[in-house]
Amino acid sequence: MRAASNRFVRRAAAAAAACAASLAIAQGPAHPATSEALAPYDDFHPHALLAWHPEKRAMLVRARLHGTQQVHLVEQPGAPPRPLTDLADPVSYASWPPSARGDAFVFTRGSGGNDVDRLYRQEVATGELSAVSPAGERVVSVAVSRDGKRLAYAAQRVGGDAPVTTVHIVERVANGAGRLRAPDRVLARLAGHGWEDFHFSGDARRLVFVEHRSASDRRLWLMDAATGRHWRVTRVDARHPVAYGNPRFSADGRALFATSDRDSEFKRLVRIALPGGAERALTPKLAHDVESFEVSFDAGRIAFVDEEDGADVLRFLDLATLAELPRPPLVPGVIRDLAWRPHSREIGFDVASARTAGDVFSYDLDTNRLTRWTNGNSPALNTAAFPEPEAIRWKSFDGREIHGLYYRPPARFTGKRPVLVSIPGGAGSQARAGFIGRNNYLLNELGIAIVRPNVRGSPGYGKTFARLGEGGKRPDAVKDI
């Protein structure tokens with residue numbers, strides 16, 4: 001028994017040593033010759049979609065500038081991103097405020113590295129900056145009404161004994177070219193800090209939001225945008241908690257769209273009738289988690305992303321029939337930041353894949369055309385030749401099927417190859433088909449194969465599988481390797 005245990009420990013130590021070697025190459029000091037060879041693998045500049053312009057086919061993106069993430073304007077596909085902010089602290093969120101012309105935008109940032117994101121408004125033409133939210137409050141969610149007349153934000157006071165989330169409403173000044181009325185109005189105060197993901201109804205009279213109690217228990221609430229009165233929509237089952245997310249109103253306000261894992265191993269896209277809360281699964285046959293979605297009443301579509309074996313798939317539902325439509329062919333990767341362009345049938349998103357560290361794309365439903373808006377790839381590397389991951393499966397010690405991603409070295413490396421097993425760190429981590437950074441050097445220059453296992457406890461394979469990595473069961477995840 002002791003000998004078997006020692007062999008198990010030695011195998012685990014060898015795996016840890018391989019990971020440490022990978023991290024040394026990825027993060028630590030290197031020989032000058034190695035540093036020179038690695039330099040092109042560091043020369044990537046990822047971009048993320050923040051928001052479409054309210055009138056033009058242009059967008060705000062987030063990209064690095066002088067060491068921090070800042071807001072940039074991309075005025076057409078392939079155009080160089082033009083910096084709009086240049087601040088010492090990174091920008092975490094940006095969108096257009098209540099304004100019809102897009103002459104200003106709002107964004108959140110901390111100050112002095114304090115991680116207390118405050119909401120600001122900035123003029124595009126002049127760069128004039130003004131604070132919207134009070135100092136000392138961390139803004140955790142921002143919502144803009146569809147008609148552009150209201151902006152709401154939820155903020156948390158830093159410090160103090162009793163945590164409280166304050167919901168604020170800001171109105172547009174009449175004939176004020178999108179300027180925000182000051183001071184704003186406190187709509188409600190909610191006990192605790194677990195309130196997030198606020199969104200307006202189409203008529204701007206209600207807000208829907210999420211109460212985050214735990215990873216497996218998240219509830220949906222509604223709030224009257226005039227009085228602040230709020231009430232829970234979803235029913236509570238203490239024995240079988242449900243994780244709701246990403247709520248959006250239907251066009252007539254009589255229902256909500258959201259993600260839900262009620263009576264399911266996976267997070268599904270659902271329609272929740274109001275006021276009673278009766279729930280209908282819109283993706284009942286999909287044995288994968290729905291990660292995000294966005295509704296467009298202009299396009300008559302719901303765009304949603306589900307994750308399959310570490311890679312994301314973009315799909316569409318017809319709003320009238322709720323039937324699924326043909327999906328666009330995309331390379332395996334991780335899709336984030338879905339956003340429909342106003343008054344169009346074009347959706348934007350950013351993708352991180354084996355061949356891009358993160359770039360912004362759009363897809364037009366009418367023309368079936370995929371457009372690349374940014375290109376942050378290293379100019380010295382042909383990323384088109386980077387190997388894409390292959391989904392692999394194997395049986396573990398107890399017969400359970402385990403999933404992973406396999407990166408095969410280029411064909412010029414023949415014969416048996418060394419293999420790096422790169423294990424996602426910690427419970428709840430998952431290997432995704434995104435960009436692998438400096439590990440591309442190991443793969444493409446040294447011919448080292450890479451396996452990234454999704455051991456028990458990883459998300460994406462159902463609630464039961466995720467719970468197998470909890471508490472005293474965690475050593476079984478090491479046995480999976």
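Helices here are DSSP runs of H or I with at least four residues, strands are runs of E with at least two, and both are numbered from the N terminus. The model is a predicted one, in which local features need pLDDT of at least 70 and side-chain atom pairs count only at pLDDT 80 or more, while totals for chains, interfaces and linings use all residues. Residues are numbered from 1 along each chain as its sequence is written, and side-chain values use heavy atoms, with hydrogens and water left out.

To stay with the pocket, its lining consists of 26 residues, and Ala215, Lys267, Asp289, Pro459 and Ala466 lie nearest the centre. Two or more lining residues come from each of strand 21 (289-296) and helix 4 (463-467). By class, the lining holds 12 charged, 8 polar and 6 nonpolar residues; Asp, Glu, Lys and Arg count as charged, Ala, Val, Leu, Ile, Met, Phe, Trp, Tyr, Cys and Pro as nonpolar, and the others, Gly among them, as polar. The space in this pocket amounts to about 560 Å³. A pocket is an open set of points on a 1 Å grid over the protein atoms alone, where a 1.4 Å probe fits, with protein on both sides within 12 Å along at least five of seven lines; lining residues have an atom within 4 Å of a point. The volume is the space filled by probe spheres set on the points, which are joined across faces, edges and corners.

Turning to the strands, an open antiparallel sheet is formed by 4 of them in the order 13-14-15-16, where pairing requires at least two DSSP bridges between two strands. Strand 13 (195-200) and strand 16 (230-232) each have a single partner strand, so one side of each is left without a neighbour in the sheet. Strand 15 (residues 217-224) and strand 16 are antiparallel and joined by 3 bridges; Leu222 has Trp231 of strand 16 as its bridge partner.

Two loop residues complete the picture. Thr234, in the loop between strand 16 and strand 17 (245-249), is buried (under 20% relative accessible area, with a 1.4 Å probe and protein chains only), at 4%. The Thr234 side chain reaches the backbone nitrogen of Leu220 at 3.2 Å. Arg262, between strand 18 (255-260) and strand 19 (268-273), is also buried, with 8% relative accessibility.

Conventions:
Buried means under 20% relative accessible area, exposed over 50%, partly exposed in between (1.4 Å probe, protein chains only). A polar contact is a pair of N or O atoms within 3.5 Å; within protein, one must be able to donate a hydrogen and the other to accept it, and residues adjacent in sequence count only if both atoms are side-chain atoms.
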